[in-house]
Amino acid sequence: NPPYLKQTDAWGRRIDEIVTCQAWKTMKAISAEEGLIAIPYERAHAEHSRLHQMVKLFMFGPASGLYSCPLAMTDGAAKTIESLGLELPQALENLTSRDPKRFWTAGQWMTEKRGGSDVGSGTETVAVAQPDGTYRLSGYKWFSSATDSDMALTLARIVDNEGNVEAGSKGMSMFYLRTRNPDTGALNGIQVAKLKNKLGTRQLPTA
């Protein structure tokens, strides 16, 4: 069954719930248990650990109903956090966990309404610094892959003290985003406008 968007509850309250079938949810558990992301970070086979992971993903992919797509972005997020030495220990631990109850998937939310791969000129999302050191992002992401993920890496332009942003690729910053409030489980200030009505890969929810 393809995913669908349930925007409101029975009382008309905005919930933006992306409903996926049980098979899709089970793929997440299988991915964790099989260590499809964990293997290269555990380094049990030293420099061959990444090869071990790729072989398992090669066999898993055709039967996964395209769950290999969110896994690729999850691995990308874990590699980014590790390689750049980002202080996100909980995120890295969950992204590489073998425990289905703790395992996170990640999205990459880059493309906006203009489309295309030139995100340097097409990004209009802005980030405003908050008193607690975090940033509040405001914008419209047109191609939000793995919209049902637990976190995302996304792009925005930081607004300076005078209310200006820098244009082009030089003005881009990457942000770590928890998609849901860890205390309430509600979307973290996110609204899902619609799911894409795609010709292919329909089982993969993309907003």
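Begin by selecting Asp 16 and Arg 14, whose side chains meet in a salt bridge with an N to O distance of 2.7 Å. The model on display is a predicted one. Colour the two residues by accessibility: Asp 16 has a relative accessibility of 2% and counts as buried, whereas Arg 14, with a relative accessible area of 41%, is partly exposed. The pair belongs to a set of nine salt bridges in the structure.

Next, select Glu 82 and Arg 43, which form another salt bridge, with 3.0 Å between the closest N and O atoms. This pair links distant parts of the chain, for the two residues lie 39 residues apart. To follow the link, display helix H4 (residues 68–84), which contains Glu 82. Then display the loop between helix H2 (39–42) and helix H3 (49–60), where Arg 43 is found. Glu 82 is partly exposed, its relative accessible area being 29%; Arg 43 is partly exposed as well, at 43%.

Finally, select Glu 112 together with Lys 141. Their salt bridge brings the closest N and O atoms to 2.9 Å. Here too, distant parts of the chain are linked, with 29 residues separating the partners. Glu 112 sits in the loop between strand S3 (106–109) and helix H6 (119–122), while Lys 141 occupies the loop between strand S5 (135–138) and strand S6 (151–158). Are these two residues, Glu 112 and Lys 141, buried or exposed? Both are buried.

As a general principle behind these stops, side chains of opposite charge can pair when their charged atoms come close.

Conventions: Residues numbered from 1 in each chain as written. Predicted model: local features only at pLDDT ≥ 70, side-chain atom pairs only at ≥ 80, totals over all residues. Heavy atoms only, no water. Salt bridge = Lys/Arg side-chain N within 4 Å of Asp/Glu carboxyl O. Buried < 20%, exposed > 50% of the residue type's maximum accessible area, 1.4 Å probe, protein only. Helix = DSSP H or I, 4+ residues; strand = E, 2+ residues; numbered from the N terminus.
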